[in-house]
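Here are my notes on the side-chain packing. They cover the nonpolar cores, the aromatic pairs and the charges over rings.

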Amino acid sequence: MSNQCQKITIFGMGGFIGSAISNNLTTLGYEVNRGDWKVRDFNQQYLGDVIVACGVGDCRKVEEVIYSHVDVVRNIVNSSTYNRIIYISSTRVYLDNHESNPYGSLLISPNDKRVLFNQVKLLAETIIQSQEKPALILRPSNVYGKAFNSPLFLPSIIRDAIQKRAVNMYVTPDYSKDYVYCDDICRAVAIGIKNKISGVYNIASGENFSAGEIAAILKSKINTDIIWHENAALDKFPVIDINDSVKDFGFQPVKVKEMLNEMIDDFTHEFNS
């Protein structure tokens, strides 16, 4: 079957990750459709391969968080017809864990102010995996990309460095976590669809990058001040295990250090031209 005959329905296509996935799959020739995540009854509508990339992240909006992560999945599996689901989860579920095995046990941190986000991600994963139809769970780490107006962390601090000549860091210099380039997620989704891969996979760089390292690169390329603000409660993440992704997807992630330099050059040209 050619890509042109294969229907894809994406929920969250208006978001940063969903729109990037949509653009990539459209370029590859798939029939891409926008899914409405607010629909409660699909009346057995055929959705083809479903990609769920939606979800409210502000945990103060409890009902919206639960509905956009959990109920949307329940509505899809209970009232639509589909081939398989690809669910975009998060490596945040490994917060305060000592390892990041996709099939390992997970601890829920009682001190986590965004614990609801982790809980709804895991519940949505469980609902999808409880179905008889094949499912692919992708857990990306902190996503970044070359979106000039993106509210994500890396694009935001690059903009501040260029436009304000000051970057506020509400972490310590040694605070570190994994970052993944958005195009790497798009490639993983496309490979998962083409090769009909099922299971749970981390999509990450496989190495943690510290705030101090980011600040050093910014200062080396832009005349900017780095303002450090004390923060006693910092998230702690293990190095993300990407061994299965490398083996089964041929996954070779872009390294954030290399891409950060390229992003700074692109952003500088955009905002200074």
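1. A nonpolar core here is a set of buried Ala, Val, Leu, Ile, Met, Phe, Trp, Tyr and Cys residues joined through side-chain atoms within 4.5 Å. Buried means under 20% relative accessible area. Keep in mind that the model is predicted.

2. The largest nonpolar core has 33 residues. Five of its members touch the most other members: Ile21, Leu25, Ile51, Leu138 and Val189. Several elements each supply at least two residues of this core: strands S1 (7-11), S4 (80-88), S5 (135-140) and S10, plus helices H1 (16-27) and H5 (182-194). Which helix gives the most to this core? H5 does, with seven residues.

3. Another core lies apart from the largest one. This other core has 28 residues, among them Leu95, Ala215, Ile226 and Met263.

4. The structure holds eight aromatic pairs. One of them joins Phe148 and Phe271. The centres are 6.1 Å apart, the planes are at 80 degrees, and the pair is edge-to-face. Phe148 sits in the loop between strand S6 (142-144) and helix H4 (153-163), while Phe271 is in helix H8 (residues 256-272), so the pair ties together parts 123 residues apart in sequence.

5. Phe148 and Phe271 form one aromatic cluster with Phe267.

6. Now the pair of Tyr201 and Phe249. Their ring centres are 4.8 Å apart and their planes are at 85 degrees, so this pair is edge-to-face. The cut-off for that class is over 60 degrees. Tyr201 lies in strand S10 (residues 199-203) and Phe249 in helix H7 (residues 243-249), so the pair links distant parts of the chain, 48 residues apart. Both Tyr201 and Phe249 are buried.

7. Two charges over rings complete the list. Arg114 lies over the face of Phe117, at 4.8 Å from the ring centre. The charged end of Lys133 sits over the ring of Tyr82, 4.3 Å from its centre.

Definitions and conventions. Residues numbered from 1 in each chain as written. Predicted model: local features only at pLDDT ≥ 70, side-chain atom pairs only at ≥ 80, totals over all residues. Heavy atoms only, no water. Phe/Tyr/Trp six-rings, centres within 6.5 Å; stacked < 30°, edge-to-face > 60°. Helix = DSSP H or I, 4+ residues; strand = E, 2+ residues; numbered from the N terminus. Buried < 20%, exposed > 50% of the residue type's maximum accessible area, 1.4 Å probe, protein only. Lys NZ or Arg CZ within 6 Å of the ring centre and 35° of its normal.
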